[in-house]
Amino acid sequence: MRDFLGRLAMKYQAFMMGRYGQDKLSLHMCWLSLLICFVSMFVWRIPLLLIYSLLLLLALFRTFSRNIPKRQKEGLAYERFLGKIKGFSALQKNKWRDRKTHRYFKCTCGAVLRVPKGKGFIIIHCPKCKNDLTKKT
Ligand SMILES: [Zn+2]
């Protein structure tokens, strides 16, 4: 039995040689498809089952794909997307935490500036682009 499992593992390794394998995007697609499968038990059975199947097939295609540079590019784009979501949620969390003591402003360059609240009109100097903003805090 142990020898059989060892041979099976070696065959799987040989099969996966030169293939992309599992990454975060494929894993999240699998989890999302499972969630959709669960939801489809209660509502919109057929459309959700189609979406579920499509997501799962796409995740399998990505896992077994031999076009590694393209899969890596997709994976990086997904990581960047996740980073934006995490950054946005962290900013919202900080805004909520500091809602009584600080105000947040967005500069024209995109930088988010945190200033103390209740100081009247102040000139805010952006450390990123060296631009000055006049805002009421
Ligand atoms: Zn700026």
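Is G75 buried or exposed? In this predicted model, G75 is buried, since its relative accessible area is 9% and buried means under 20%.

**Overall layout**

The protein chain falls into two domains, with domain 1 covering residues 2–97 and domain 2 covering residues 101–137. Between the C-alpha centres of domain 1 and domain 2 there is a distance of 40 Å.

**Around G75**

G75 belongs to helix α4, which spans residues 68–97. Its C-alpha atom is 6.1 Å from that of L25, although G75 and L25 are 50 residues apart along the chain. When neighbours within four places in sequence are set aside, G75 is in contact with D23 and R62.

W44, at 66% relative accessibility, counts as exposed. The backbone of W44 has a phi near 40°, a positive value in a residue other than glycine.

K130 is located in the loop between β3 (121–125) and β4. Its phi is positive, at about 60°, although K130 is not a glycine. With a relative accessible area of 57%, K130 is exposed.

T137 lies in the segment that follows β4 (132–136). T137 counts as buried, at 13% relative accessibility. A polar atom of the T137 side chain lies 2.9 Å from the backbone nitrogen of K119. Leaving out residues up to four places away in sequence, T137 touches R103, F105, V115, P116, K117, G118, K119, G120 and I122.

**Accessibility of the residues described**

| Residue | Relative accessible area | Class |
|---|---|---|
| G75 | 9% | buried |
| T137 | 13% | buried |
| K130 | 57% | exposed |
| W44 | 66% | exposed |

Note on methods
Residues are numbered from 1 along each chain as its sequence is written. This is a predicted model: local features need pLDDT of at least 70, side-chain atom pairs count only at pLDDT 80 or more; totals for chains, interfaces and linings use all residues. Side-chain values use heavy atoms; hydrogens and water are left out. Domain bounds come from an automatic or database domain assignment. Helices (H or I, at least four residues) and strands (E, at least two) are DSSP runs, numbered from the N terminus. Buried means under 20% relative accessible area, exposed over 50%, partly exposed in between (1.4 Å probe, protein chains only). A polar contact is a pair of N or O atoms within 3.5 Å; within protein, one must be able to donate a hydrogen and the other to accept it, and residues adjacent in sequence count only if both atoms are side-chain atoms. Contact means heavy atoms within 4.5 Å.
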